[in-house]
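Subject: A structure for you to explore

Hi there,

Here is the structure I promised to pass on. Please open it next to this email, and then read on for what I found in it.

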Amino acid sequence: MQNLPAGQPVTGSSEYLCDECPACFKEKKFYFNLEKGMGECKSCHIAVHNWGQFRKLFDGKLDISAAWRSGCKSIQTKVVSKTDIQLRDYKPFEAQRFLNQKGVTSDKDLFKWDPDKKLLLTEIQPWSPEYPVEYLRRHITYKNSKWIHFTGTHTSRYGYGLSQHCGSTVIWVEGVFDVVVPGRQGCAVALLGTVFREDCVAWAKQRGIKRHIVWLDPDDAGINGAKKAAKLLTYYGHRPIIIGPKKEFDEEIVLDCDKEPGDFSPEELASQLMRWT
């Protein structure tokens, strides 16, 4: 059989059992139907729906988070403690090299390392105290790997950087590296996507934050997310500053920029924010 990952056919059926799931790394859990061209992991419920997705998944070229969401409707959220994962503070060369390639020159113990699975992990915090602290994981050997939740907890319940003291200003960004790469620990919070909710407003109010800067990616999802965030913040009496391509916005205070937050070095960022604000 050509173009199949390590594994074996299931006797008496058209199923092929892969040695390891590329998402959760559980052994003998990912089944692929060779006739239907569809497959799913019986552990983490990541799903593919055609041969192309199947090959991309195992070649590390598929958006794992999207494939995972498509099959995880029945997954049960569980609390993950540090004893459930082989966490290490020390990061070997390959993990440190991965961070350096992303522009992270000093991670300040923001990441942990699972040496058995070659995973970087970082802690995320819930908007509401009713949910436990969780982890995002990212496989460093897959070219197009994404941050995904370790257990299946819904993304909108969590943010990155919520335990920081932001002073009177917060910069709302999309992802982990948007916070870490420019060295903005202490002033930026990642939505882990583009959805800005009332939980975000409540979190900021509890901390006495007065000024809101919305800086999402300059793509369609980021622009739409920034517009909705500005609308919600305005509804609650704030005058948010939006950083983005000015031609895309009708809002009153827009600072023209077509770059993502992570495109700026700490020095460039400080200079830009001073000029903008």
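The secondary structure of the protein chain comes to seven helices and 15 strands. Both kinds of element are DSSP runs numbered from the N terminus: helices are H or I with at least four residues, and strands are E with at least two.

Some ground rules before the details. This is a predicted model, in which local features need pLDDT of at least 70 and side-chain atom pairs count only at pLDDT 80 or more, while totals for chains, interfaces and linings use all residues. Residues are numbered from 1 along each chain as its sequence is written, and side-chain values use heavy atoms, with hydrogens and water left out.

How far can you trust it?

The pLDDT is the predictor's confidence in each residue, from 0 to 100. It averages 77 over the protein chain, and 75% of the residues score at least 70. Confidence is highest in helix α6 (residues 220-235), at a mean of 93, and lowest in helix α2 (residues 64-69), at 54. Over residues 69-84 the pLDDT is below 50, and this stretch has 29 contacts in the model beyond near neighbours in sequence; a contact means heavy atoms within 4.5 Å. Where pLDDT is low, the predicted coordinates should not be read in detail.

The chain as a whole

Of the 277 residues in the protein chain, 48% are buried. Buried means under 20% relative accessible area, exposed means over 50%, and partly exposed is in between (1.4 Å probe, protein chains only). The protein chain exposes about 14,700 Å², and carbon and sulfur atoms supply 47% of that area; accessible areas come from the Shrake-Rupley method with a 1.4 Å probe, and for residues only the protein chains shown count as cover. Among contacts between residues at least 6 apart in sequence, 50% join residues at least 24 apart.

Strand β1 (residues 7-9) pairs with strand β2 (residues 15-18) in the antiparallel sense, over three bridges. Two strands pair if DSSP finds at least two bridges between them. β1 and β2 form a hairpin with five residues between them, and G12 in the turn has a positive phi of about 80°. β2 is also joined by three bridges to strand β3 (residues 30-33), again running antiparallel. Look for Y16 in β2: P9 stands opposite Y16 on one side of the pairing, and Y16 stands opposite F32 in β3.

The side chains of K28 and D19 meet in a salt bridge (2.9 Å, N to O). A salt bridge is a side-chain nitrogen of Lys or Arg within 4 Å of a carboxyl oxygen of Asp or Glu. K28 is partly exposed at 37% relative accessibility, and D19 is partly exposed at 30%. The structure holds two salt bridges, and R197 forms one with D199, their closest N and O atoms being 2.5 Å apart.

L192 lies in the loop between β12 (188-190) and α5 (198-206). L192 is not a glycine either, yet it has a positive phi of about 60°, and it counts as buried at 16% relative accessibility. A disulfide is a pair of cysteine sulfur atoms within 2.5 Å, and by this rule the count comes to zero. C41 is buried at 0% relative accessible area, and C257 is buried at 7%.

Enjoy exploring!
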